[in-house]
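I opened the notebook to record a few look-ups in this model. The entries follow in the order I made them.

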Amino acid sequence: KAVVSTQSTGCIVRNRSPHMHVWHGGSSQTHIFIHPDGRKESHQLGPDILNGELPQVLAPGGVWKFSINNDPSTWGLITEAVCPGWEERDFEYGDADKLSAEFPEHEEMFRKYCRKH
């Protein structure tokens, strides 16, 4: 699936299967993963490899994840490749109250980036 957005952030989601995030254009992005043990991991996706940006990153299955355009005034384009194929039942939107109870150390982030669906 391709993700094009003029929003500065994506919403917090979890997928059962691993997803390869591939940057294609526009703003570079920060991709943030919250692992089941509460560990926070972030990666910079973009074209500037010499300054630490990556062209792609693997989001493990079972992590909560979201992305932020590093330049919120413009768009960003990524694709997410998944194997086996994407199924809606394998996808879950984050709920700020539930995630904050499970991972209180990240409550501020969840309150900021979880959207009502």
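My notes cover a sheet, a loop serine and some aromatic rings.

Entry 1: I am working with a predicted model. I found an open sheet of five strands, ordered 5-4-7-2-9, with antiparallel pairing. Strand 5 (40–45) and strand 9 (91–93) stand at the edges. Each has a single partner strand, so one side of each lacks a neighbour in the sheet. I noted an average twist of 25° from one strand to the next.

**Entry 2: one pairing inside it.** How many bridges join strand 4 and strand 7? I read six, in the antiparallel sense, with strand 7 spanning residues 64–69. I then looked up Phe33 and found Lys65 as its bridge partner in strand 7.

**Entry 3: Ser28.** I placed Ser28 in the loop between strand 3 (19–26) and strand 4 (29–34). Buried or exposed? Its relative accessible area is 16%, and the cut-off for buried is under 20%, so Ser28 counts as buried. I listed what Ser28 touches, leaving out residues up to four places away in sequence: Trp23, Leu45, Gly46, Glu53, Ile68, Asn69, Asn70 and Asp71. With Glu53, I also found a side-chain to side-chain polar contact of 3.2 Å.

**Entry 4: aromatic rings.** I searched the whole structure and got three aromatic pairs. One of them is Phe91 with Tyr93, ring centres 4.9 Å apart. Their planes stand at 85°, so I logged the pair as edge-to-face. Tyr93 is partly exposed, at 38% relative accessibility.

Technical notes. Residues numbered from 1 in each chain as written. Predicted model: local features only at pLDDT ≥ 70, side-chain atom pairs only at ≥ 80, totals over all residues. Heavy atoms only, no water. Helix = DSSP H or I, 4+ residues; strand = E, 2+ residues; numbered from the N terminus. Buried < 20%, exposed > 50% of the residue type's maximum accessible area, 1.4 Å probe, protein only. Polar contact = N/O pair within 3.5 Å; in protein donor to acceptor, adjacent residues only side chain to side chain. Contact = heavy atoms within 4.5 Å. Pairing = 2+ DSSP bridges. Axes fitted to C-alpha atoms, helices over the stretch in contact; angles between N-to-C directions. Phe/Tyr/Trp six-rings, centres within 6.5 Å; stacked < 30°, edge-to-face > 60°.
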